[in-house]
Every structure is written in C-alpha cells, then in structure tokens.
Amino acid sequence: MALFAIPKVLQGPEELNVEGPKVIKTFEIFGLKINFTETVVLEWIVMAVILLGAFLLTRNLKVRKVSKRQAIAEMAVEAITNLVRDTMGKRWLWFTPYIATVFCFSIFGSLISLLGVRAVTSDFSVLLCWAAITFLLITVTKIRYGGVKGYLKGFVDPIPVMLPINILSEVSTPTAMALRHFGNIAGGSIIMGLIYYGLANLSRIIHLQVPVLTVGIPAFLSLYFDLFSDFMQAFIFIMLTMVFISNAGPADDETPQTN
Amino acid sequence: MEMSEAIVLAGSAIGAGLAMIAGIGPGIGEGYAVGKACEAIARQPEASGAVTRTMFVGCAVAESTGIYGLIIALLLIFLKPFT
C-alpha cells in the first residue's frame with residue numbers, strides 16, 4: 001500500500017502502442033485524400049531550427065580575426081565540401097548545398113525524437129520523398145550526359161532480354177534507400193519502446209511503485225539506437241545519394257583525391 | 001476471440017519470427033566486410049578514411065535485406081494485415 005498516490009506519468013508505460021503519425025486534419029483535393037499529420041508540423045519545426053542555426057552561424061563573417069562562431073561554420077562547410085570532393089570528384093562540387101541540406105534535415109529530424117516526440121524520419125513518406133528526389137537527380141544526370149536516347153538505351157544495355165531486370169534495379173534504388181533509413185529509425189524506436197515497457201513491467205512485478213529500473217539502463221541503449229544510428233543513417237543516406245548520382249554521369253577524368 | 005482470428009494472430013507472430021531469420025545474412029556479411037576493412041587499415045593506415053567510408057556504404061547495402069525482414073516482421077506484428 002503506497003503512502004501517497006504516484007502520478008500516472010511516473011508509473012511507466014502500461015501498454016505498448018505502435019502507431020503511425022497522428023493525423024491532425026484531412027483535406028480532400030481533387031478526390032485525393034491528403035492527411036495533415038504530426039510529421040508535417042515537426043518538419044516545419046526542424047526547418048525553423050536549421051534556418052535559425054544557419055542564420056546565427058553566418059552573421060558578420062570576416063576575413064581576419066574570425067570569431068568562434070564563424071570558425072564552427074567554416075569547419076562544418078569545409079568538412080562537407082571535402083566529403084563531396086572525395087566521394088564525387090571535383091566537378092560535382094556544386095552538389096554540396098543539397099547534400100548538406102539533406103544531412104542536416106536527416107540528423108535534426110531523427111534527433112527530435114530525443115525531445116519525446118515522434119522522429120520525422122520514422123514516417124516512411126518523408127524518406128520516400130527524399131529518395132524520390134535522389135531518383136530524379138539520377139535520371140536527370142543520366143539524360144544530361146547521355147541524352148534521352150542514351151538514357152532509354154541504357155535499359156536494354158547488354159541485351160534486350162535484360163529490360164525487366166534493368167527497370168527493377170532502377171526502381172529498387174530509391175526504394176531500398178528509403179526503406180533502409182526508415183527501417184533503422186523506426187525499428188530503433190520500437191526496440192526502445194519495448195525496452196521501456198519491459199523494464200516498467202519488471203519493476204511492477206517486484207512491487208516497486210515507481211519504475212526505478214527504467215532509470216539509467218535504457219540510456220546506454222539509447223546511445224546506440226538514437227544517437228549513433230541517427231548519425232550513421234544520415235551519413236549513409238548522403239553517401240549513397242552521392243555515389244549513385246556520380247555513377248550516373250561519366251567518370252571524372254582526373255584521379256579522385258584521397259586524404 | 002474467434003478461433004480463426006486466433007489462428008491468424010498466431011500465424012502472424014510465427015511469421016514475424018521467421019522473417020527475422022533474414023538477420024543472419026547481413027550479420028555474416030557485415031562482419032566479413034568490417035574484418036576485411038580492419039585488415040586493410042592495419043596494412044595501410046594512411047588510407048583509413050577512404051576505407052572506412054567505403055566500408056560503411058558496403059555495410060549499408062548489405063544491411064538492406066535484413067531491414068526488409070525487419071519491416072515484414074513489424075508489419076506482421078503491429079499492422080496485422082490478415083485479420
């Protein structure tokens with residue numbers, strides 16, 4: 001018998017729910033149902049945070065006597081530029097802003113789950129959208145360097161019998177990219193949910209009023225499932241984007257630099 | 001709960017477990033890739049950046065079959081498409 005009532009929030013999860021993002025409002029445009037979900041709101045928050053960070057880091061830039069803020073900004077820009085140069089080659093350097101944007105969006109979109117809300121990247125439609133942009137860029141690059149005829153010819157490359165296989169491999173590229181990112185983040189959040197649920201139940205079994213077991217132990221797992229996996233997936237997403245796009249064009253004539 | 005629904009739920013749970021057998025392949029493949037990357041870095045420490053980057057991309061590609069299995073398992077457990 002407890003001496004005082006313990007608030008519901010502190011008692012730990014009592015059941016495990018896995019649901020998609022909450023639908024706030026549903027629009028109907030031309031017979032198409034469009035859901036305005038939680039993810040859209042969170043995406044706008046993430047965008048505002050990135051915009052604010054970029055704005056604050058790039059005010060009063062100087063050539064001499066750089067401030068600490070400017071040094072941080074320069075370090076970040078240099079790191080991502082070097083990554084793009086090493087992976088894609090010098091002629092693709094104009095891709096850097098897009099790659100940096102996707103990287104920031106992916107990291108902040110995943111890390112927002114640390115605040116207790118749903119991660120933006122655990123919604124499949126977000127990842128599918130990014131992968132669709134990559135697919136578009138690959139296709140545009142192929143057409144730009146090979147012409148429409150060359151692009152269509154690529155589908156029947158060695159022999160015409162390969163046509164279905166080539167189409168399949170073309171479509172599976174963005175699908176696999178989206179599924180990989182989604183599976184990692186969503187799977188990680190479900191595993192963390194299971195761990196919290198299990199530890200709360202365990203402490204209920206040994207008659208602890210407050211689930212003390214959920215303090216501390218999940219932090220180490222969260223280090224992997226939330227922090228490491230988020231950074232890794234963002235990195236892998238941009239790496240694959242860069243590799244696929246630069247493979248779509250002809251090989252760089254100068255040898256790629258290695259650091 | 002009706003008998004048929006119970007059977008479907010049990011089948012979904014067993015199917016989810018079986019789907020995660022797909023985790024074996026990526027495990028072996030990634031272990032092999034990381035082992036080779038360690039050997040390469042030991043032989044040529046100055047190329048560690050390039051080797052690590054290539055290894056991560058390779059691991060990510062090898063991982064995708066495991067992720068497909070995971071997604072099938074999640075769908076079977078939480079969405080229950082057959083009930």
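Visitor: What share of the 83 residues of chain B counts as buried, and what makes a residue buried?

Guide: The share is 12% of the 83 residues of chain B. A residue is called buried if 20 or more other C-beta atoms lie within 10 Å of its own, exposed if 12 or fewer do, and partly exposed in between, with C-beta atoms placed from the backbone. Before we go on, please keep in mind that this is a predicted model, where local features need pLDDT of at least 70 and side-chain atom pairs count only at pLDDT 80 or more, while totals for chains, interfaces and linings use all residues. Residues are numbered from 1 along each chain as its sequence is written, and chains are lettered from A and ligands numbered from 1 in the order in which they are written.

Visitor: Why is R59(A) called exposed?

Guide: R59(A) has 10 C-beta neighbours inside 10 Å, and the limit for exposed is 12 or fewer, so R59(A) counts as exposed. You will find R59(A) in the loop between α1 (38–57) and α2 (68–88) of chain A. Its C-alpha atom is separated by 22 Å from that of F103(A), 44 residues apart along the chain.

Visitor: What makes up chain A, counted in helices and strands?

Guide: Chain A has six helices and two strands. Helices (H or I, at least four residues) and strands (E, at least two) are DSSP runs, numbered from the N terminus. In that direction chain A reads β-β-α-α-α-α-α-α.

Visitor: How do you know whether chain A is spread out or a compact globule?

Guide: We compare two values of the radius of gyration, which is taken over C-alpha atoms; the globule rule is 2.2 Å times the number of residues to the power 0.38. For 259 residues that rule gives 18 Å, and chain A has 23 Å, well over it, so chain A is more spread out than a compact globule. Its C-alpha trace spans about 80 × 60 × 40 Å along the principal axes, and 22% of its residues count as buried.

Visitor: What does the globule comparison give for chain B?

Guide: Chain B has a radius of gyration of 19 Å, but a compact globule of 83 residues would have one near 12 Å. Chain B has three helices and zero strands, and its C-alpha trace spans about 65 × 15 × 10 Å along its principal axes.

Visitor: How many residues does each chain give to the contact between chain A and chain B?

Guide: Two residues are in contact if their C-beta atoms, placed from the backbone, lie within 7 Å. The contact takes 15 residues from chain A and 15 residues from chain B. On the chain A side, α5 (163–205) and α6 (217–248) each supply at least two residues. The largest share, seven residues, comes from α5(A). That side of chain A holds nine nonpolar residues (Ala, Val, Leu, Ile, Met, Phe, Trp, Tyr, Cys and Pro), one charged residue (Asp, Glu, Lys and Arg), and five polar ones (the others, Gly among them).

Visitor: Where does α5(A) have its kink?

Guide: The kink, about 30°, lies at S172(A), shortly before the proline P174(A). From its first C-alpha to its last, α5(A) reaches 60 Å, close to the 63 Å expected for its 43 residues.

Methods: Expected span 1.5 Å × (residues − 1). Bend = angle between axes of the 7 residues up to and from the residue.
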